[in-house]
Amino acid sequence: MKVQFVACMTTLLSAVWSADAFMVSPSRSASVSSSTRLYEETEAAEDASMGAEAISALTKGVTTVFSSEDIAKILPHRYPFLLVDKVVEYEAGKRAVGIKSVTLNEPHFTGHFPDRPIMPGVLQVEALAQLAGIVCLQMEGASPGAVFFFAGVDGVKWKKPVIPGDTLVMEVEITKWNAKFGIAKATGRAYVDGKVVVELKEMTFALAK
């Protein structure tokens, strides 16, 4: 009887040991699962990569209406105060969409601020004003190269800092133009990566006589 009991226990223990050999410890299972997720996330990130050609193609449908050379023939501003690089949409006497590429090479970033360069808000408003000037200086009663003075601005709101590397996409609409007195009013807003960074309710200009 004793011999049979020992034999039975030996068989049972052998079965348990054999089962353990095929079991994965919880810690090892978690480690394998974590490694698998990391691999899958890395693979997904690689699949999401677009590459230079595809990223460049995102703007293939955007055409240049006025180049920087064209703008220099319309506005009297020059470096470092010419703040519109090109115009991509234009409706004579009505509206325009312009681009300003923000780079660290611009002199104001030396002091604004040395450790955290941010495009001054007043220069963002000035860039919008220059875009409006491109429209106004081609309207009846004005002439390219003439000087417009800033006469006022109302309802300005800054939403997000503009920093080197950003592309400032601006849009202005002329709401009033008095050719006799050379007075213009406009609204404007600008975007970075599809989000509004600055908007203004109204800006007023006076054509220098």
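**Figure 1. Overall fold of the predicted model.** Helices (H or I, at least four residues) and strands (E, at least two) are DSSP runs, numbered from the N terminus. In this predicted model, the chain holds five helices and seven strands. Read from the N terminus, the order of elements is α-α-α-α-β-β-α-β-β-β-β-β. The chain has 209 residues, of which 29% count as buried. Among contacts with a separation of 6 or more, 64% join residues 24 or more positions apart.

Figure 2. Helix α5 covers residues 121-136. Of its 16 residues, 14 are buried, and the helix is mostly covered.

**Figure 3. The largest nonpolar core.** This core comprises 41 residues, and Ile 134 and Met 203 have the most contacts inside it. At least two core residues come from each of α4 (68-74), α5 (121-136), β5 (167-178), β6 (183-192) and β7. Helix α5 gives the largest share, 10 residues. In soluble globular proteins, nonpolar side chains tend to be buried together.

**Figure 4. Surroundings of Met 203.** Neighbours within four places in sequence are left aside here. The contacts of Met 203 then include Leu 128, Ala 129 and Ala 132.

**Figure 5. Val 197 in strand β7.** Strand β7 runs over residues 195-207 and contains Val 197. Val 197 has a relative accessible area of 0% and is therefore buried, the limit being under 20%. Lys 160 lies 37 residues from Val 197 along the chain, yet their C-alpha atoms are separated by 4.8 Å. With neighbours within four places in sequence left aside, Val 197 is in contact with Lys 157, Trp 158, Lys 159, Lys 160 and Val 162, among others. Further contacts of Val 197 include Gln 124, Leu 168, Ala 190, Tyr 191 and Val 192.

**Figure 6. The largest pocket.** The space in this pocket is about 180 Å³. Its lining includes Ser 68, Tyr 79, Pro 80, Leu 82, Val 84 and Asp 85. Lys 100, Ser 101, Thr 103, Asn 105 and Glu 106 also line the largest pocket. By type, the lining residues are four nonpolar, four polar and three charged.

Methods. Residues are numbered from 1 along each chain as its sequence is written. This is a predicted model: local features need pLDDT of at least 70, side-chain atom pairs count only at pLDDT 80 or more; totals for chains, interfaces and linings use all residues. Side-chain values use heavy atoms; hydrogens and water are left out. On a 1 Å grid over the protein atoms alone, a cavity is a set of points where a 1.4 Å probe fits but cannot get out, and a pocket is an open set with protein on both sides within 12 Å along at least five of seven lines; lining residues have an atom within 4 Å of a point. Grid points are joined across faces, edges and corners, and a volume is the space filled by probe spheres set on the points. Ala, Val, Leu, Ile, Met, Phe, Trp, Tyr, Cys and Pro count as nonpolar, Asp, Glu, Lys and Arg as charged, and the others, Gly among them, as polar. Buried means under 20% relative accessible area, exposed over 50%, partly exposed in between (1.4 Å probe, protein chains only). Contact means heavy atoms within 4.5 Å. A nonpolar core is a set of buried Ala, Val, Leu, Ile, Met, Phe, Trp, Tyr and Cys residues joined through side-chain atoms within 4.5 Å.
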